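Open the model in your viewer and keep the sequence panel beside it.

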Amino acid sequence: MASKDCVNEATFRQALSRFATGIVVVTTQSVSGCPRAITINAFTSVSLNPPLVLFCLGKSAYQFGTFAEAPSFAVNVLSADQQALSDRFAQEAEDDLSEVSFRRLMTGSPILSGCLTALDCITEKHFDAGDHLIVVGKVQAIDEPRDDEPLVYFESGYRRLKLPLDS
Ligand SMILES: Cc1cc2nc3c(=O)[nH]c(=O)nc-3n(C[C@H](O)[C@H](O)[C@H](O)COP(=O)(O)O)c2cc1C
């Protein structure tokens with residue numbers, strides 16, 4: 001295993017930025033009932049049966065407590081025209097989703113309008129992992145998928161998908 005001294009943080013970040021991802025906004029309801037949201041690209045599917053997904057939550061994130069304690073959350077997959085939502089929910093301020101259109105499915109977590117799809121989850125498990133917490137959720141309901149382009153994140157910037165390789 002590589003020791004801390006072997007891996008320079010800037011080099012590590014640069015290497016990870018070469019891995020293209022989509023962007024999701026993870027939402028929940030705070031204990032006081034307020035809708036909350038955070039922009040996440042460390043999201044992945046985990047298991048088909050049972051249906052599990054995970055996201056990695058930075059321990060220094062302003063909203064860490066809210067999301068670490070949440071019994072449920074929703075994963076909203078952003079489309080290419082939703083960059084403004086990604087920017088908004090990456091800000092430090094406690095954002096209550098004012099002026100954002102949303103509804104609720106099963107768990108009560110906000111399902112944002114205009115997303116490619118959304119997964120409504122109950123929190124299944126947490127794993128401590130360095131400066132992040134891995135949050136695993138069991139999917140309870142799925143919002144109807146929309147046929148649109150995804151918002152892509154690559155080399156620290158937003159991108160659009162290019163044409164398929166075989167076209
Ligand atoms: C494109 C993008 C992807 C992000 N992905 C994650 C992520 O996977 N996990 C995470 O904890 N924060 C992620 N963030 C950061 C949070 O959205 C947010 O900016 C941060 O938690 C703000 O709080 P802080 O300044 O208190 O850390 C991402 C931000 C952006 C813009």
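Which polar backbone atom is 2.7 Å from an oxygen atom of the ligand? Select T39: a polar backbone atom of T39 is at that distance, 2.7 Å, from a ligand oxygen. The model is predicted, so local features need pLDDT of at least 70 and side-chain atom pairs pLDDT 80 or more, while totals for chains, interfaces and linings use all residues. Residues are numbered from 1 along each chain as its sequence is written, and side-chain values use heavy atoms, with hydrogens and water left out.

A backbone N or O atom of A42 lies 2.9 Å from a ligand oxygen, and a polar backbone atom of A90 is 2.5 Å from an oxygen of the ligand. The ligand has 630 Å² of accessible area on its own, of which the protein covers 76% (Shrake-Rupley method, 1.4 Å probe).

Next, show the whole shell of 16 residues around the ligand, where T39, A42, C56, G58 and A90 come nearest (a residue is near if one of its heavy atoms lies within 4 Å). The shell divides into 11 nonpolar, 4 polar and 1 charged (Ala, Val, Leu, Ile, Met, Phe, Trp, Tyr, Cys and Pro count as nonpolar, Asp, Glu, Lys and Arg as charged, and the others, Gly among them, as polar). β3 (35–40) and β5 (52–58) each supply at least two of its residues (strands are DSSP runs of E, at least two residues, numbered from the N terminus).

Now select β4, residues 43–47. β4 runs antiparallel to β5, joined by 4 bridges (two strands pair if DSSP finds at least two bridges between them). T44 has L54 in β5 as its bridge partner, and a hairpin of 4 residues connects β4 to β5.

Move to β9, residues 117–129, and β6, residues 72–77, an antiparallel pair with 6 bridges. V75 is bridged to L119 in β9. On β10, residues 132–142, β9 has another antiparallel partner, over 10 bridges; A129 is bridged to H132 there. The hairpin of β9 and β10 has 2 residues between the strands, and G130 takes a positive phi near 60 degrees.

Finish at the open sheet of 3 strands, ordered β1-β11-β12 with antiparallel pairing. β1 (21–22) and β12 (157–159) stand at the edges with a single partner strand each, so one side of each has no neighbour in the sheet. Between β1 and β11 (residues 152–154) there are 2 bridges, and G22 has V152 as its bridge partner.

Conventions. A polar contact is a pair of N or O atoms within 3.5 Å; within protein, one must be able to donate a hydrogen and the other to accept it, and residues adjacent in sequence count only if both atoms are side-chain atoms.
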